Amino acid sequence: MHKSSNQMFIVVAGNIGSGKTTLTNMLSKKLDFKPFYESVQDNPYLKDFYSDMSRWSFALQVYFLTHRFKTHKSIENSGFSAIQDRSIYEDANIFARALFEQGDFDKRDYENYLNLYYSMTEHLGYPTLMIFLKRSLPKLQERIKKRGRDYESAIEVDYLNRLNHYYDDWFDNYDKGKYLIVDTDDLDFLENPNDFDRLVSKIFECIDQQDLFYRF
């Protein structure tokens with residue numbers, strides 16, 4: 001793993017089923033970066049949340065916020081290059097926002113959550129690179145069905161579509177450093193080695209260039 005002054009911190013961001021975990025795993029092996037994954041299998045709220053979003057929204061969002069804050073700080077303090085599956089910024093800008101605007105997040109709880117989020121992120125540096133994975137709604141549904149997680153079968157199409165729109169909005173307004181937008185509908189980095197190698201090359205081009213934005 002890469003250390004110290006050469007430390008790099010890459011984040012893979014994207015909607016449910018966009019390929020974040022797969023890409024995080026592949027990049028960590030290719031680049032010899034330490035991977036940090038989203039807390040899914042050991043999450044005590046996730047299954048209940050998809051059954052009753054209004055009841056469990058605050059508890060779930062605080063759980064994710066705490067987990068990702070600890071992960072982000074751990075990466076910064078480690079001295080090692082690392083890659084993270086989903087960022088703390090997505091918690092507030094995508095998921096909490098979606099829950100509030102669809103009426104599943106109480107206004108007082110939402111404001112309380114945002115105060116906590118802003119207090120936490122004041123103590124965080126920015127990632128070296130944010131990779132945005134874009135995927136159309138049919139492709140997201142296809143991927144979610146393929147991996148067969150029981151609790152994800154309850155995800156409504158409208159919710160998934162809403163998240164996609166919020167991701168687009170967040171991408172357009174991202175201001176925390178360099179980022180790379182990757183449309184994954186016609187990109188198979190898992191099965192096609194050439195696609196993956198091209199993506200790795202673009203990642204390093206993006207990190208090295210002066211501009212903040214690059215599209216793959």
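Predicted model: local features only at pLDDT ≥ 70, side-chain atom pairs only at ≥ 80, totals over all residues.
Student: Let's start with α3 and α4. At what angle do their axes cross?
Tutor: The axes of α3 and α4 cross at roughly 170° and come within 9 Å.

Student: So what do we call that, parallel or antiparallel?
Tutor: Roughly antiparallel, because angles over 145 degrees count that way.

Student: Which residues make the contact?
Tutor: From α3 there are Met 53, Ser 57, Gln 61, Phe 64, Leu 65, Arg 68, Phe 69 and His 72. From α4 there are Ile 88, Tyr 89, Asp 91, Phe 95, Ala 96 and Leu 99.

Student: And how do they divide into nonpolar, polar and charged?
Tutor: The contact of α3 with α4 has 9 nonpolar, 3 polar and 2 charged residues.

Student: Asp 91 is in that list. Buried or exposed?
Tutor: Asp 91, which is in helix α4, counts as buried at 1% relative accessibility.

Student: What does its side chain make a polar contact with?
Tutor: With the side chain of Arg 68, at 2.7 Å. Arg 68 is also one of the α3 residues in the contact with α4.

Student: What else is Asp 91 in contact with?
Tutor: Leaving aside neighbours within four places in sequence, Asp 91 is in contact with Gln 61, Phe 64, Leu 65, Ala 96 and Tyr 113, as well as Arg 68.

Student: Back to α3. Where does the side chain of His 72 reach?
Tutor: The side chain of His 72 reaches the backbone oxygen of Gly 125 at 2.8 Å. His 72 lies in helix α3, residues 53-78.

Student: Is His 72 buried or exposed?
Tutor: Buried, with a relative accessible area of 1%.

Student: Then what is in contact with His 72?
Tutor: With neighbours within four places in sequence left aside, the contacts of His 72 are Phe 9, Gln 84, Ile 88, Tyr 89, Leu 124, Gly 125 and Pro 127.

Student: Change of topic. How do α4 and α7 cross?
Tutor: Helix α4 covers residues 88-101 and helix α7 covers residues 157-173; their axes come within 10 Å and cross at roughly 135°. That makes α4 oblique to α7, and the crossing is right-handed.

Student: Which residues make the contact there?
Tutor: The α4 side includes Tyr 89, Asn 93, Ile 94, Phe 95 and Arg 97. The α7 side includes Tyr 159, Arg 162, Tyr 166, Tyr 167 and Trp 170.

Student: How many charged residues are in the contact of α4 with α7?
Tutor: There are 5 charged residues, along with 10 nonpolar and 1 polar.

Student: And α6 with α7, at what angle do they pack?
Tutor: Helix α6, residues 137-147, packs with α7 at an angle of about 120°, with the axes 10 Å apart. The two helices are therefore oblique to each other. Their crossing is right-handed.

Student: What makes the contact?
Tutor: Leu 137, Leu 140, Gln 141 and Ile 144 of α6 meet Val 157, Leu 160, Asn 161 and Asn 164 of α7. By class, that contact has 5 nonpolar, 3 polar and no charged residues.

Student: Where is Lys 176?
Tutor: In the loop between α7 and β5, the strand at 178-183. Lys 176 counts as buried, at 19% relative accessibility, because the cut-off for buried is under 20%.

Student: What does Lys 176 touch?
Tutor: Not counting residues up to four places away in sequence, Lys 176 touches Tyr 89, Tyr 126 and Pro 127. C-alpha to C-alpha, Lys 176 is 8.6 Å from Met 130, with the two 46 residues apart in sequence.

Student: Last topic, the backbone. What is phi of Asp 32?
Tutor: Phi of Asp 32 is near 60°, a positive value in a residue other than glycine. Most residues other than glycine have a negative phi.

Student: Where is Asp 32 found?
Tutor: In the loop between α1 (20-31) and β2 (34-36). Asp 32 is partly exposed, with a relative accessible area of 42%.

Student: And what about phi of Arg 86?
Tutor: Phi of Arg 86 is near 75°, again positive in a residue other than glycine. Arg 86 is in the loop between β3 (82-85) and α4, and counts as buried at 4% relative accessibility.

Conventions. Residues numbered from 1 in each chain as written. Heavy atoms only, no water. Axes fitted to C-alpha atoms, helices over the stretch in contact; angles between N-to-C directions. Helix = DSSP H or I, 4+ residues; strand = E, 2+ residues; numbered from the N terminus. Parallel < 35°, antiparallel > 145°, perpendicular 65-115°, else oblique. Left-handed = near helix turned anticlockwise from the far one by under 90°. Contact = heavy atoms within 4.5 Å. Nonpolar A, V, L, I, M, F, W, Y, C, P; charged D, E, K, R; others polar. Buried < 20%, exposed > 50% of the residue type's maximum accessible area, 1.4 Å probe, protein only. Polar contact = N/O pair within 3.5 Å; in protein donor to acceptor, adjacent residues only side chain to side chain.
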